[in-house]
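Colleague: I'd like to learn how to read a model like this one, feature by feature. Can you walk me through it?

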Amino acid sequence: MRSPTTADPLPCSTNPDAMFERGKAQNKRALVCGPCPIRMKCLAQALDERNEFGVWGGMTERQRRALLRRHPSVSSWRDVLTKMERKAQDRVALGTGVPG
């Protein structure tokens, strides 16, 4: 899989099976997602589709389950995460925050 913004491969595509490790190993694998240009889209899709297994968008299975339990009324994680991403970008543009 290639980045939509460059010809570079996405971080997870060099060893996709590793993104489906179990237990604590997922925490290390989730770090691979940090610089990924589609991290939020990946996470939103995993949350919206209730993907149970693997690391998606920098979150482990356990982290996603906890997030879904805490926010059962969210119908579109894509909308929620897009709004969060825009607010973070606006803060950076205004010099009042860091991306995140």
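Modeller: Let's start with contacts: two residues are in contact when heavy atoms lie within 4.5 Å. In this protein, residues 24 or more positions apart account for 44% of the contacts with a separation of 6 or more. Some ground rules: this is a predicted model, where local features need pLDDT of at least 70 and side-chain atom pairs count only at pLDDT 80 or more, while totals for chains, interfaces and linings use all residues. Residues are numbered from 1 along each chain as its sequence is written, and side-chain values use heavy atoms, with hydrogens and water left out.

Colleague: Fine. How many helices and strands are there in the protein?

Modeller: Helices (H or I, at least four residues) and strands (E, at least two) are DSSP runs, numbered from the N terminus. Here you get 4 helices and 0 strands, giving the pattern α-α-α-α along the sequence.

Colleague: And what share of the residues is buried?

Modeller: Buried means under 20% relative accessible area, exposed means over 50%, and partly exposed is in between (1.4 Å probe, protein chains only). Of the 100 residues in the protein, 28% are buried. Take helix 3, residues 61–70: Glu61, Arg64, Ala66, Leu67 and Leu68 are buried there. Their cover includes helix 1 (25–30), helix 2 (39–48) and helix 4 (77–94).

Colleague: Now salt bridges. How many does the structure hold?

Modeller: The cut-off is a side-chain nitrogen of Lys or Arg within 4 Å of a carboxyl oxygen of Asp or Glu. The structure holds 2 of these. One joins arginine 29 to glutamate 21, with the closest N and O atoms 2.9 Å apart. Arginine 29 is partly exposed at 26%, and glutamate 21 is partly exposed too, at 29%.

Colleague: Which residue forms a salt bridge with glutamate 61?

Modeller: Arginine 22, with the closest N and O atoms 3.4 Å apart. Glutamate 61 lies in helix 3 and arginine 22 in the segment before helix 1, so this pair ties together parts that are 39 residues apart in sequence. Glutamate 61 is buried at 9% relative accessibility, whereas arginine 22 is exposed at 57%.

Colleague: What about glutamine 26: buried or exposed?

Modeller: Buried, at 3% relative accessibility. Glutamine 26 lies in helix 1, and its side chain reaches the backbone oxygen of glutamate 21 at 2.7 Å. That's a polar contact: a pair of N or O atoms within 3.5 Å, where, within protein, one must be able to donate a hydrogen and the other to accept it, and residues adjacent in sequence count only if both atoms are side-chain atoms. Leaving out residues up to four places away in sequence, glutamine 26 touches Glu21, Gly54, Val55, Thr60 and Glu61.

Colleague: Last one: how many aromatic pairs turn up?

Modeller: Rings of Phe, Tyr and Trp (its six-membered ring) pair if their centres lie within 6.5 Å; planes under 30 degrees apart count as stacked, over 60 as edge-to-face and the rest as tilted. Searching the whole structure gives 1 pair. The rings of phenylalanine 20 and tryptophan 56 have centres 6.0 Å apart and planes at 80°, so the pair is edge-to-face. Phenylalanine 20 lies in the segment before helix 1 and tryptophan 56 in the loop between helix 2 and helix 3, so the pair ties together parts that are 36 residues apart in sequence.
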